[in-house]
Amino acid sequence: MNSEELFLRSKKVVPGGVHSPVRSFASVGGTPVFFSEASGAYLKSVEGKEYIDYCLSFGPLLFGHRHPEIQEVVEDTVRKAWSFGACEPYSLELAEFITNRIPWVEKIRFVNSGTEAVMSALRVARAATGRSKILKFDGCYHGHLDQLLVKAGSGLAGLSSSDSKGIGPEIIQNTLVLPLDDEIALEELFLKQGNEIACLAIEPIPANYGLLPQRTEFLKKCRELTTKYGVLLLFDEVISGFRVSFQGMAGLTGITPDLVCYGKIIGGGFPVGAYAGKKDLMDLVAPSGPVYQAGTLSANPIGMRAGLKTLTKAWNENPYPDLESKTKQLTSGIVKLLADSGDEGWEAVTFGSLYWLKGKTKESVRTIADIPTDHKTKFSIFFHKLLDQGVYLAPSGYEVGFLSTAHTNEIIETTLSKTKQALQKKI
Ligand SMILES: *Cc1c(COP(=O)(O)O)cnc(C)c1O
């Protein structure tokens with residue numbers, strides 16, 4: 001069966017034919033490709049066509065698909081066990097590996113997704129402070145938990161409105177939303193409500209609505225005000241943790257969060273999330289404290305060992321400088337090819353091995369309001385041209401792209417020659 005047929009079948013039994021919305025190609029149009037295999041930097045579709053993958057499962061695969069060393073650990077684990085629901089040494093090894101290398105992670109609890117990690121961290125923050133309000137920023141994504149699936153409301157600064165049906169006003173009444181990059185709005189809000197806020201949650205490099213690198217001064221202001229008002233600072237490093245550096249954005253900026261969430265890379269491609277922080281905060285979690293949180297499959301040995309292997313490689317091999325230069329090589333090459341083809345209107349935002357192709361703007365884009373309005377249409381055309389040539393980008397102009405160590409210089413050069421061919425073709 002080809003992708004077309006599989007998608008038709010899938011739509012009959014699965015909402016929209018997919019188990020996570022962006023996979024459906026709703027943003028770029030057309031039928032999603034169904035993949036049956038993956039290796040290194042490559043995906044293989046059910047039709048047998050090969051694609052160079054720059055979506056990489058949206059971030060977890062720092063070393064590409066099925067890196068042989070990680071695969072070996074996974075296979076070894078499967079022969080031993082795949083779930084205990086009891087104590088085992090594997091999660092301990094991962095917990096020790098992380099706490100020994102990230103000073104602000106004194107204790108850590110493993111869960112099964114980034115969403116679950118953020119949801120649990122907020123619960124800890126509310127328990128620790130005895131306050132109810134949560135502050136987030138427009139354009140930051142923290143998973144699909146009710147409380148944070150909100151955007152800025154119209155009218156008064158700080159008010160929020162739900163970003164999904166099924167989340168009533170009573171659920172989000174304690175969620176405050178501000179624009180990114182605005183210290184004045186932040187100060188004003190803290191002046192009025194700082195003493196009611198349990199937690200300020202932020203993606204220290206927002207990477208779920210395009211890539212919106214923030215000024216360090218803005219992040220510092222978040223730290224300064226949260227400290228002043230007794231608010232906990234939560235860094236959601238689900239995408240940036242172990243990706244922009246081993247210690248994530250907190251390590252790069254030198255700004256220490258009170259609570260931090262991980263996901264994606266931490267499980268090496270298996271479903272793992274984690275929330276972590278200072279001892280006194282994490283000791284509030286059951287069974288040592290009164291904040292309940294549990295999970296039948298939490299700390300499953302396959303995810304724990306794949307995660308440990310991945311993080312061990314990242315720590316030992318420090319792939320970050322090389323990934324960053326390859327990301328620049330790829331994106332500057334693409335932007336140049338677009339310009340050569342007569343389309344001067346593009347530029348690339350990159351941060352480590354994260355990148356975002358966008359329309360040229362006079363100033364750096366740091367808030368969602370600054371994103372060019374024709375972005376979606378422009379990206380969708382480009383996406384399909386590359387798809388046709390066997391290059392798979394994340395299927396939305398608002399998703400960032402990722403590189404892995406499996407993307408060799410040669411593969412990047414191949415990508416650029418495919419891009420050149422794609423831009424010569426009329427589709
Ligand atoms: C992906 C992501 C999440 C959600 O993680 P899931 O595992 O998809 O639930 C939360 N926060 C950030 C910053 C993310 O990038």
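How do the residues of the lining of the largest cavity divide into nonpolar, polar and charged, and which lie there? In this predicted model, a search of the whole structure finds one cavity of 30 Å³ or more. The space in that cavity comes to about 100 Å³. Its lining divides into eight nonpolar, three polar and one charged residue.

The names can be followed along the chain. Tyr54 is part of the lining, as are Tyr355, Trp356 and Leu357.

A second feature to look at is a pair of packed helices. Two packed helices are described by the angle between their axes and the distance between the axes. Helix α2 (residues 68-80) packs with helix α10 (residues 301-317) at an angle of about 155°, and their axes lie 9 Å apart. Because angles over 145 degrees count as roughly antiparallel, α2 is roughly antiparallel to α10. The crossing of α2 past α10 is right-handed.

The contact itself can be traced from both sides. From α2 come Glu69, Ile70, Val73, Val74, Asp76, Thr77, Val78 and Lys80. These meet Pro301, Ile302, Arg305, Ala306, Lys309, Thr310 and Lys313 of α10. By class, the contact of α2 with α10 holds seven nonpolar, two polar and six charged residues.

Methods. Residues are numbered from 1 along each chain as its sequence is written. This is a predicted model: local features need pLDDT of at least 70, side-chain atom pairs count only at pLDDT 80 or more; totals for chains, interfaces and linings use all residues. Side-chain values use heavy atoms; hydrogens and water are left out. On a 1 Å grid over the protein atoms alone, a cavity is a set of points where a 1.4 Å probe fits but cannot get out, and a pocket is an open set with protein on both sides within 12 Å along at least five of seven lines; lining residues have an atom within 4 Å of a point. Grid points are joined across faces, edges and corners, and a volume is the space filled by probe spheres set on the points. Ala, Val, Leu, Ile, Met, Phe, Trp, Tyr, Cys and Pro count as nonpolar, Asp, Glu, Lys and Arg as charged, and the others, Gly among them, as polar. Axes are lines fitted to C-alpha atoms, for helices over the stretch in contact, and angles run from 0 to 180 degrees between N-to-C directions. Helices (H or I, at least four residues) and strands (E, at least two) are DSSP runs, numbered from the N terminus. Angles under 35 degrees count as roughly parallel, over 145 as roughly antiparallel, 65 to 115 as roughly perpendicular and the rest as oblique. A crossing is left-handed if the near helix is turned anticlockwise from the far one by less than a right angle, and right-handed if clockwise. Contact means heavy atoms within 4.5 Å.
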